[in-house]
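This briefing covers selected local features of one model. Please read it alongside the sequence and the coordinates.

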Amino acid sequence: MATFTLSFQQTLSTITTATMDTTQHSSGTEENEIILGTGMGPLRFGATMDQVRALMGEPEEIEESEEEDEFEHQAWNYLEEGYSLYFDREDDYRLSCIETDHPGMRLFGEAIHGKSPEQIQELMRQHGYEASEVEKMDTGEMRVSYEKEMIDLYFDEDELQFVNFGVFISEDLDVQWPA
């Protein structure tokens, strides 16, 4: 009996197609849809390494944290797909953060790659998120952060290049795993 694992993109394509065939289409089921505090597409914060491996396959590269890093973690890099997935030791190596530069990334159902900081801030405002922090880097890039929403958006030449977002953390610093 031959066994095989569908690639992440094939799996997501199947999920997306099945979703589109239903009468109610939710943008939250899009393969590259960022869902604040929850994950991206079928990747959900709190997933174990085995669950992520079953969905995504083997990462092209695994990075271990340095000794001086504040949090011990592993980063699984899926370079071809444009994803880095972070698993913190403190959280029993469950998926807690995603970084992506995928050109198809979406937020609130809208494509966001290449958008300006003002366009992203307006999109966030439209969805009730006002408090952003803007930092201009020494190298010329800009970071727009929404601390409570656990999302950092990075811009180069006023175009969104990549996003880093994670599981929500309570004011008591407790991880708020999605249901």
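With which side chain does the side chain of Glu-64 make a polar contact? The partner is the side chain of Gln-74, at 3.0 Å; a polar contact is a pair of N or O atoms within 3.5 Å, where within protein one must be able to donate a hydrogen and the other to accept it, and residues adjacent in sequence count only if both atoms are side-chain atoms. The model is predicted: local features need pLDDT of at least 70, side-chain atom pairs count only at pLDDT 80 or more, and totals for chains, interfaces and linings use all residues. Residues are numbered from 1 along each chain as its sequence is written, and side-chain values use heavy atoms, with hydrogens and water left out.

**Glu-64**
- Glu-64 lies in strand β4, residues 61–64 (strands are DSSP runs of E, at least two residues, and helices runs of H or I, at least four, numbered from the N terminus).
- Glu-64 counts as exposed because its relative accessibility is 51% (exposed is over 50% relative accessible area, buried under 20%, partly exposed in between, with a 1.4 Å probe and protein chains only).
- Leaving aside residues up to four places away in sequence, Glu-64 touches His-73 and Gln-74 (contact means heavy atoms within 4.5 Å).

**Helix α2**
- In α2 (residues 49–56), Met-49, Val-52, Leu-55 and Met-56 are buried.
- These buried residues fall within an arc of 130° seen down the axis, so they line one face of the helix (the arc is that of directions from the helix axis to the C-beta atoms).
- Exposed Asp-50 and Ala-54 sit on the face turned away from the buried side.
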